[in-house]
Amino acid sequence: MQIHLGYELTYDCPQPTPMLLVLNIHYSRASDIVVPDYIVTRPGLPITAYRDGFGNWCSRITAPAGRTVITSNAVIRDSGKTDVYEPNAGQHPIEELPADALVFLLASRHCETELLSDTAWSLFGTTAPGWARVQAVCDFVHNHIVFGYEHARPTKTAFEVFQERQGVCRDYAHLAITLCRCLNIPARYCTGYLGDMGVPPPHGPMDFAGWFEAYLGGHWYTFDARNNVPRIGRVLMARGRDATDVALVTSFGPNTLVGFKVWTDEMDAAALGHEAPPPNIPG
């Protein structure tokens, strides 16, 4: 299958404002890209790129005073298979973990392991280590939180999510990540596209998605406490300790987000027989 995906973000800035963008498809999917996800701005701005400490592809711009539109329009090939399910994947003793996984055992800005350690062990200490334990965490988080965009706030932490029992996909991921880390399972935050392919209607408004990966049996596996079922068409953009590391746009000055659109749709057979859609450059 092929997926048409992209976004259009519109900002108003009262003064020139530097911004860091984490808006590209992850390098691990580079060979699947049919139409590249070039970042286009209006007005046209210089864009410089770099790799962050987690290997994510990032960009830098300075938005001028006034309105700036940031957009991209891409096509990617996808296997159409659901997230990998490997129930026999086991949990590693800490002394056997690779060095680069250790940072994902530690507390981070949105994941306060020190506040939830006792809770994690009381809830999951008797579950079988490995895949079953991570799935038990996902089941708990999925049932513990009520989803709603009105419950979102950028400063909300895993402990606050646990107490308030409401949030959005990033909050589900933060709480699950924190509980896994408390149980000595490396867990890292992921952001990207997740369309409604294979999901019966009604469908909610499209948005970027947050999920997590846990290190089990020598591999990183995808888990999604928000949806809590294997999904198809998941397209990774970035990974980090929590949402702070993979913020889509980090701005260094006052601004107002006045427009936000995301699309991720399977292309039908007729579309595949024609040229890919042109970039969605606002007029």
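Two strands are taken to pair if DSSP finds at least two bridges between them. Helices (H or I, at least four residues) and strands (E, at least two) are DSSP runs, numbered from the N terminus. This is a predicted model, in which local features need pLDDT of at least 70, side-chain atom pairs count only at pLDDT 80 or more, and totals for chains, interfaces and linings use all residues. Residues are numbered from 1 along each chain as its sequence is written, and side-chain values use heavy atoms, with hydrogens and water left out.

**The sheet**

Leucine 216 stands opposite histidine 219 in S12. The pairing of S11 with S12 is antiparallel and extends over five bridges. These strands belong to an open sheet of four strands, ordered S12-S11-S10-S13, with antiparallel pairing. S12 and strand S13 (234-240) are at the edges with a single partner strand each, so one side of each has no neighbour in the sheet. From one strand to the next, the twist averages 40°; axes are lines fitted to C-alpha atoms, for helices over the stretch in contact, and angles run from 0 to 180 degrees between N-to-C directions.

S10 is joined to S11 by six bridges, and the two run antiparallel. S10 also pairs with S13 in the antiparallel sense, again over six bridges. Tyrosine 189 has phenylalanine 212 as its bridge partner in S11 and glycine 240 as its bridge partner in S13. Glycine 192 stands opposite leucine 236 in S13.

Burial is classed by relative accessible area: buried means under 20%, exposed over 50%, and partly exposed in between (1.4 Å probe, protein chains only). S10 is mostly covered, with eight of its eight residues buried. In S13, seven of the seven residues are buried, so this strand is largely enclosed by the rest of the structure.

Contact means heavy atoms within 4.5 Å. H4 packs on the sheet and touches S10 and S11, its direction making about 155° with that of S10.

| Helix pair | Angle | Axis separation |
|---|---|---|
| H1 and H2 | about 105° | 11 Å |
| H1 and H4 | about 75° | 8 Å |

Angles under 35 degrees count as roughly parallel, over 145 as roughly antiparallel, 65 to 115 as roughly perpendicular and the rest as oblique. H1 and H2 are therefore roughly perpendicular, and H1 is likewise roughly perpendicular to H4.

Trp121, Leu123 and Phe124 of H1 make the contact with Arg133, Ala136, Val137 and Phe140 of H2. By class, this contact of H1 with H2 comprises six nonpolar, no polar and one charged residues. Here Ala, Val, Leu, Ile, Met, Phe, Trp, Tyr, Cys and Pro count as nonpolar, Asp, Glu, Lys and Arg as charged, and the others, Gly among them, as polar.

Against H4, the residues of H1 are Thr113, Leu116, Ser117, Ala120, Trp121 and Phe124, which meet Leu175, Thr178, Leu179, Arg181 and Cys182. The contact of H1 with H4 divides into seven nonpolar, three polar and one charged residues.

Neighbours within four places in sequence aside, phenylalanine 140 is in contact with Leu123, Phe124, Phe162 and Leu179.

**Nonpolar cores**

A nonpolar core is a set of buried Ala, Val, Leu, Ile, Met, Phe, Trp, Tyr and Cys residues joined through side-chain atoms within 4.5 Å. The largest such core has 37 residues, and Val141, Phe212 and Phe223 have the most contacts inside it. At least two residues each come from helix H1 (113-124), helix H2 (131-144), helix H3 (158-164), helix H4 (169-182), strand S10 (187-194), strand S11 (209-216) and strand S12 (219-223). H4 gives the most to this core, namely eight residues. Another core, of 26 residues, lies apart from it and includes Ile25, Ala74, Val235 and Leu248.

**Backbone features**

Arginine 42 and proline 43 are joined by a cis peptide bond, with omega about 0°. Proline 43 is placed in the loop between strand S4 (40-42) and strand S5 (48-51).

Although not a glycine, arginine 165 has a positive phi of about 60°; arginine 165 is found in the loop between H3 and strand S9 (166-167). Asparagine 184, also not a glycine, has a positive phi of about 70° and is placed in the loop between H4 and S10.
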